[in-house]
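Welcome, and please take a look at the model below. A short tour of its contacts follows.

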Amino acid sequence: MARTIGVLAMEHVAVGVVDGDRIAGKVQVFPEKGGEDSLRDVPGDEIAEIIRRQVRLVSEGSDPAALGVGIPGVIRDGVVAESPNLQQLKGLALQSTLAAAFPATAVRILNDADTIAAGIAATRGELDRLVRVWTLGTGVGYGRYPEGQGIGEGGHCVVTLDPKERYCGCGGVGHLEGIMGHRAMRLRFLDLEPEEIFENARQGDERCREFVKLWHRALAGATATSIHLDGPGKFYITGPNARFVDTALLNLTLQEMVKMSPLQGSFLEVLETSDAIAIIGAAVSAARTRAA
Ligand SMILES: [Zn+2]
């Protein structure tokens, strides 16, 4: 039987067969023993080839019915239009490459954070609701299910008018990622790793405490912007740096920023996710496209 397959290409390429809202069998990861940034120096065409090979492996001979791929960056018509944290992907026509390799397959390319939002919606029975997610890692991703018509680069929304705030990976001034991104934190505190910044703040270090406050205000501000544009609802926070989030402080700050009564009732929740969630989300989105 033709399968539905989901792929996440972020720190590595992870591929799985999806049955309904769960993974059937085992998730294939390439490279098997990669570090966190094992795709950083791999050219875009080669990443496409790795995806093709891994999909071929798990589909066991027959073309999958639907194939969804989550990848970081701005995705337009199946092409990676921009990818600040994996720049070699820029211009990669992933959809047409994979559609040529699997002619009988409905191929769908999505932003990686959108696949996580779709995966959360699918696995928590929230496919009938608006689900938004912030992913905190090297950069900051913003995902939405159902996928919006827009660009969806919420990680780059402007949260400060201070012209000195220029640590964002995209080069833009005042961006959320320029405060919250792992890379941006290392650039700001050249002498401290992000873990040490949060630890020092707990110990009472003034500079670190001020920054941790700013870090939470930035996320609350970006969330408030999303609420004012798109309505209230539930926001999930995930990714490796979600461990730094003080949920109580964040929700309190958000309440101070959203005061109109029809927009109340939103809240943020930290949720640990895995490759499996994104794989399920990519597959569910591709299967829904096929059915539509
Ligand atoms: Zn930016």
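Glu 49 and Arg 52 form a salt bridge whose closest N and O atoms are 2.9 Å apart; the term stands for a side-chain nitrogen of Lys or Arg within 4 Å of a carboxyl oxygen of Asp or Glu. This is a predicted model, in which local features need pLDDT of at least 70 and side-chain atom pairs count only at pLDDT 80 or more, while totals for chains, interfaces and linings use all residues. Residues are numbered from 1 along each chain as its sequence is written, and side-chain values use heavy atoms, with hydrogens and water left out.

Both partners sit in helix α1 (residues 44-59), 3 residues apart, which means that about one helical turn separates them. Helices (H or I, at least four residues) and strands (E, at least two) are DSSP runs, numbered from the N terminus. Glu 49 is partly exposed at 30% relative accessibility, and Arg 52 is partly exposed at 26%. For these words, buried means under 20% relative accessible area, exposed over 50%, and partly exposed in between (1.4 Å probe, protein chains only). A network of salt bridges links Glu 49, Arg 52 and Arg 53.

The salt bridge count comes to 18.

| Salt bridge | Closest N and O atoms |
|---|---|
| Glu 49 and Arg 52 | 2.9 Å |
| Arg 144 and Asp 230 | 2.8 Å |
| Arg 243 and Glu 195 | 3.0 Å |

Arg 144 forms its salt bridge with Asp 230, and this pair links distant parts of the chain: Arg 144 is in strand β9 and Asp 230 in helix α7, 86 residues apart. Arg 144 is buried at 17% relative accessibility, whereas Asp 230 is partly exposed at 32%. Arg 243 pairs with Glu 195. Since Arg 243 lies in the loop between β10 (234-238) and α8 (247-257) and Glu 195 in helix α6, their pair ties together parts 48 residues apart in sequence.

Next come the aromatic rings. Rings of Phe, Tyr and Trp (its six-membered ring) pair if their centres lie within 6.5 Å; planes under 30 degrees apart count as stacked, over 60 as edge-to-face and the rest as tilted. There are 5 aromatic pairs by this rule. One of them joins Phe 189 and Phe 211 edge-to-face, at 5.2 Å centre to centre and 70° between the planes. Phe 189 is in the loop between α5 (182-188) and α6 (194-202), and Phe 211 is in helix α7 (residues 206-230), 22 residues apart. Both of these Phe residues, Phe 189 and Phe 211, are buried.

Phe 198 and Trp 215 also form an edge-to-face pair, with ring centres 4.9 Å apart and planes at 75°. Phe 198 belongs to helix α6 and Trp 215 to helix α7, 17 residues apart.

Which residues hold the zinc ion? Its protein donors are His 156 (ND1), Cys 168 (SG), Cys 170 (SG) and His 175 (ND1), 1.9 to 2.3 Å from the ion. Donors are N, O and S atoms within 2.8 Å of the metal (3.2 Å for Na, K and Ca); water is not among the atoms, so sites may look incomplete. Along the chain, the zinc donors follow the spacing H-x11-C-x1-C-x4-H. His 156 is buried, with a relative accessible area of 13%, while Cys 170 is partly exposed at 37%.
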